[in-house]
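Thanks, everyone. Please look at the structure with me.

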Amino acid sequence: MTAAASTPALWPAQAHVPSVLGRQIVVERGEGSYIVTADGRRLFDGTAGLWHANVGHGRPELADAAAEQMRRLETYHVFGRFVNDQAVALAERLAAMSPIPDSKVILNSGGGDAIDLACKLARRHWQRAGRRSKTMILSREYAYHGLHAYGTSIGGLDFNREGYGTESLVPETARIPLHDVAATAALIDEIGADNIAALVTEPVQGTGGVHPPREDYLRRIADLCRANDILLILDEVITGFGRTGTMFAAERYGVTPDLITFAKGVTSGYAPLGGVLIARPIWEPFFADGPDTPIFRHGATYSGHATACAVAMRNLDILEQEALLDRVKHLAVRLGDGLTALAQRCPGVAEVRFAGFLGGVALTDDLDAVQVADRLIDAGFVSRPLRGNTLQISPPYITTDDELDAFLAAIETTVTELAS
């Protein structure tokens, strides 16, 4: 038996496995803005898990919503003539809060699913319209859109596309610059707008290093898409449901996309759920009554999972009843002020970036964000190293002022000690 054969059965995600074996942190429970490990450590969750635990951990009302729904009906599919009442109710609620007027909603199991769906639907839209050359999907440098086949193919983090024998698992994808609208326009001219189905972007890049859009970037990109008959897909898997201080970042930045992907914050991670909000020009032909009405042949067993939808409904209640978007706006100001001061005081910090209650601390080249994140765990705080030697900051919305201040102070202390 080899040494590898004697290792744990669970293959950890996104990990250089030998580097984490023997160092893994087993999380047993969550309490508000904290997680508790199997060896008894209580750690402030400065990343809200993977950007999702917006209402905090261990909320009994969400557990109760799941249990109550499971006792009545765990789930039933939404194929053909069948739907379940929770999927119908959640879709109506999401459509009512959508920044896309008169939306329809397709539900599925998460953000990667939603991206695959949105890209397929964009291509299907143009094929149905008879514009068969429009198949290319554009995405931004440093983008992260999950790791399903389409998410892998349109990822702007090159290392996530490597090793599969081809530059792109799904053909007909291309990257645009991070912030340069003029260069994007030139690339569209080069490829030909008649060959491009959609442009996908996160309103605020997350995994790529926390990059908010520069002034008017998203509006200019939206105008560019509109002028060239290119569908605009906003990936709001991280930003949706309040992270930037509005329910969707599309509202904050004043854009109306054709499709919005969502996940994480719709249930705060208490159940796997995602989906796509869809504009009328895309959905309407599939709803028209007539012999030539097309079918969008997409669906999954757990699309509209009744228990996940019931949890989402209760999670949205919590956002409203506890006025957590107002709380985010307050915390966003405190985070911005704190990060600005940190950059001025701490020589190990190269740059800080933030939008709403979402921030990144880019470190100088002589420091290692992985090492800093490890030291922060020892100090009782969870951050996460992102692309560009950057530390992630995205705590739950229920975070107190004192907890946020302590988190930023711990980052400053850790970075200062390692820099010296």
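Start at Asp 102. Asp 102 is partly exposed, with a relative accessible area of 41%. On that scale, buried is under 20% relative accessible area, exposed is over 50%, and partly exposed lies in between, with a 1.4 Å probe and protein chains only. Keep in mind that this is a predicted model: local features need pLDDT of at least 70, side-chain atom pairs count only at pLDDT 80 or more, and totals for chains, interfaces and linings use all residues. Residues are numbered from 1 along each chain as its sequence is written, and side-chain values use heavy atoms, with hydrogens and water left out.

What does Asp 102 pair with? Asp 102 forms a salt bridge with Arg 280, and the closest N and O atoms are 2.2 Å apart. A salt bridge here is a side-chain nitrogen of Lys or Arg within 4 Å of a carboxyl oxygen of Asp or Glu. The pair links distant parts of the chain, 178 residues apart. Arg 280 is in helix 10 (residues 280-287), while Asp 102 is in the loop between helix 4 (85-97) and strand 4 (104-108). Helices are DSSP runs of H or I with at least four residues, strands are runs of E with at least two, and both are numbered from the N terminus. Arg 280 is partly exposed too, at 35%.

Next pair. Glu 172 and Arg 123 form a salt bridge, closest N and O atoms 3.0 Å apart. Glu 172 is in the loop between helix 6 (149-154) and strand 6 (173-176), and Arg 123 is in helix 5 (residues 111-128), 49 residues apart. Glu 172 has a relative accessible area of 34%. For Arg 123 the value is 22%, which is partly exposed.

Third pair. Arg 327 and Asp 401 meet through their side chains in a salt bridge, 2.8 Å from N to O. Arg 327 lies in helix 12 and Asp 401 in helix 14 (residues 401-419), so the pair ties together parts that are 74 residues apart in sequence. There is also a network of salt bridges: Arg 93, Arg 314, Asp 317 and Glu 320 are linked in it. The whole structure has 25 salt bridges.

How many salt bridges are there between domain 1 and domain 2? The count is 0. The domain assignment, automatic or from a database, gives domain 1 as 17-58 + 323-419 and domain 2 as 73-322. Their centres, taken over C-alpha atoms, are 27 Å apart. The contact (heavy atoms within 4.5 Å) takes 30 residues from domain 1 and 32 residues from domain 2.

Now the area. Domain 1 and domain 2 bury about 2,500 Å² between them, 60% of it on carbon and sulfur atoms. Buried area is the accessible area (1.4 Å probe) that two parts lose on being put together, summed over both. In domain 1, Trp 51, Leu 325 and Arg 387 lose the most area to domain 2, together 27% of what that side buries.

Last stop, Leu 21. Leu 21 sits in the loop between helix 1 (17-20) and strand 1 (27-31). Its relative accessibility is 29%, so Leu 21 counts as partly exposed. Leaving aside neighbours within four places in sequence, Leu 21 is in contact with Thr 7 and Pro 8. The C-alpha atoms of Leu 21 and Pro 8 are separated by 8.5 Å, with the two residues 13 apart along the chain.
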